[in-house]
Amino acid sequence: MKQGLPYRGFWLLLLAALVGGWASSSSAVEPPEYDIQRCCDLCPATASPASYDTSYLKNFKMLVPGEDGWLFRSEAELVEQFGPDLEGLRHLKRFAQHLKKTTGTELVMVFQPTKGLVHPDRLPDTSPVPFNWSLARHSYGAALERFRQAGLVVPDLTPLLGQPTGEEAYYFKRDHHWTPYGARRTARLVADRIKKMPVYQSLSKQEFVTYRSGLIRKDGSLQDAARRICGFAYGSQYVDEFRTESSGTGAAAGASALFGDQGLPPITLVGTSNSKGAQDYNFVGSLQEFLGVEILNVAVAGGSYDGSMFEYLMSDNFRQSPPKILIWEVPAYHNLDSSEFYRQVTPLVSGGCEGTKPVLQETTTIESGVNEVLYNGGGQFIEMPSDDYVVDLQFSDPAVKEVEASIWFVFGRNDRVDMEYGDRVETPGRFVFELPEGPDWNDEKFMSLDLELEPEQVSEGLTVTAKICRRQDI
């Protein structure tokens with residue numbers, strides 16, 4: 001023991017000397033200095049329209065930098081005018097009325113506010129694109145009121161506007177979708193309005209519970225557009241992910257267990273990737289929790305505001321079991337004034353020419369280019385005023401998603417309808433549209449119909465069965 005004490009003392013003294021040497025040595029050296037530059041300011045090319053030169057990039061005109069790494073699109077998220085014009089509103093009203101009269105389905109419009117409306121605090125005072133938030137807010141509120149005057153059920157989403165941005169922001173920083181927090185806040189306002197509808201009281205209820213299931217990693221669509229134009233990448237954003245499940249209690253849950261869940265839910269949701277995309281923001285789950293009602297989600301990612309509506313109205317689900325309530329989720333940068341959209345979607349409500357005898361019908365082999373598929377003649381002319389008739393086309397190949405129709409009338413006047421479904425929209429190769437209507441067209445008499453298809457739309461042996469019949473909404 002006595003011999004060990006000096007030995008241990010030596011090493012302690014040596015260790016103290018080394019530590020002291022390190023301390024004196026490090027204190028004599030200046031700390032390193034770094035030249036740090038902010039990453040990922042948008043490059044000048046994003047301010048040029050010529051940079052948005054692909055079908056993908058055109059959806060992101062024009063990228064605008066916000067504070068704290070936020071990005072906006074000037075042509076979608078910084079718009080100041082909302083809703084359809086008077087003609088578009090008339091078509092929308094007729095569609096909603098026809099839907100309710102024909103199927104008993106009530107249309108609920110979820111007109112989702114834009115990123116600029118919700119997060120104006122993320123736009124710097126020196127933004128390269130001027131944005132009048134007060135004007136935009138007034139226009140948005142007026143659009144909601146016009147929808148209501150047209151007979152639609154329209155939840156008031158104005159409480160979402162201009163909220164301070166925190167960790168639970170409504171939108172992702174560099175993406176065009178709402179976050180799960182934004183989806184949930186919207187769902188609560190939508191549910192509050194639906195609960196006031198008389199039809200809601202008759203629906204069977206069950207209990208749903210929502211829980212946090214993990215994290216969503218978001219590499220935003222706007223930052224992807226910036227990467228393609230500027231060549232650099234932003235970091236990922238992470239937010240909470242949620243899931244909603246039935247607790248197995250309630251009258252509806254008991255009925256499902258008893259009868260084998262044969263019936264479809266009484267509420268259907270059509271919409272965009274906000275409602276059903278590669279990442280689930282749990283909008284329909286939150287709706288089910290707040291309403292206590294199961295919802296059929298038929299939204300289509302990448303289908304724009306109209307794709308899921310086309311797909312659903314042509315489905316067996318709608319034709320055989322139309323819902324009591326149809327929720328239509330639409331981003332507010334869509335103005336909903338396309339007459340071509342309403343000329344197609346309104347007759348689909350009543351099935352086009354299904355269940356009625358066509359006035360004319362022909363099956364024609366289709367080639368690329370222009371094809372005459374219907375002709376009102378051949379020794380027997382049928383008087384068909386334009387505003388009374390609808391055309392129903394069924395192609396033999398369901399992959400046909402784009403066609404241009406030219407309608408010719410007796411005295412040489414013609415009308416053109418361009419119809420296109422998105423690549424992700426599943427349809428049976430069917431197109432339905434009304435002949436033009438209104439004071440300028442009522443005296444025109446149908447003569448013939450031409451269809452024009454691009455070569456990539458024409459498969460070998462492609463045929464189309466074209467029918468024309470009386471509209472079922474008059």
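Student: In this predicted model, in which helix is Cys 230 found?

Tutor: Cys 230 belongs to helix H7, which covers residues 221-230.

Student: What makes Cys 230 a contact partner of residues such as Thr 46?

Tutor: Contact requires heavy atoms within 4.5 Å. Leaving aside residues up to four places away in sequence, Cys 230 touches Leu 42, Cys 43 and Thr 46. Along the chain, Cys 230 and Thr 46 are 184 residues apart, and their C-alpha atoms are separated by 7.6 Å.

Student: Why is helix H2 called roughly parallel to helix H12?

Tutor: The axes of H2 (residues 86-103) and H12 (residues 339-349) cross at roughly 10° and come within 9 Å. Angles under 35 degrees count as roughly parallel, and therefore H2 is roughly parallel to H12.

Student: Which residues of H2 and H12 meet?

Tutor: From H2, the residues include His 91, Phe 95, His 98 and Leu 99, and from H12 they are Ser 339, Tyr 342, Val 345, Thr 346 and Val 349. By class, this contact of H2 with H12 has six nonpolar, seven polar and one charged residues.

Student: How do you know that the largest pocket lies between domain 1 and domain 2?

Tutor: Both domain 1 (44-248 + 263-349) and domain 2 (360-470) give residues to its lining, so the largest pocket lies between them. The volume of this pocket is about 1600 Å³. Its lining has 50 residues, with Asn 59, Ala 301, Gly 302, Gly 303 and Ser 304 nearest the centre. By class, that lining has 15 nonpolar, 20 polar and 15 charged residues.

Student: Which residues line the largest cavity, and how do they divide by class?

Tutor: Among the lining residues are Arg 73, Glu 77, Lys 115, Tyr 171, His 176 and Asn 274. The lining divides into five nonpolar, four polar and three charged residues.

Note on methods:
Residues are numbered from 1 along each chain as its sequence is written. This is a predicted model: local features need pLDDT of at least 70, side-chain atom pairs count only at pLDDT 80 or more; totals for chains, interfaces and linings use all residues. Side-chain values use heavy atoms; hydrogens and water are left out. Axes are lines fitted to C-alpha atoms, for helices over the stretch in contact, and angles run from 0 to 180 degrees between N-to-C directions. Helices (H or I, at least four residues) and strands (E, at least two) are DSSP runs, numbered from the N terminus. Angles under 35 degrees count as roughly parallel, over 145 as roughly antiparallel, 65 to 115 as roughly perpendicular and the rest as oblique. Ala, Val, Leu, Ile, Met, Phe, Trp, Tyr, Cys and Pro count as nonpolar, Asp, Glu, Lys and Arg as charged, and the others, Gly among them, as polar. On a 1 Å grid over the protein atoms alone, a cavity is a set of points where a 1.4 Å probe fits but cannot get out, and a pocket is an open set with protein on both sides within 12 Å along at least five of seven lines; lining residues have an atom within 4 Å of a point. Grid points are joined across faces, edges and corners, and a volume is the space filled by probe spheres set on the points. Domain bounds come from an automatic or database domain assignment.
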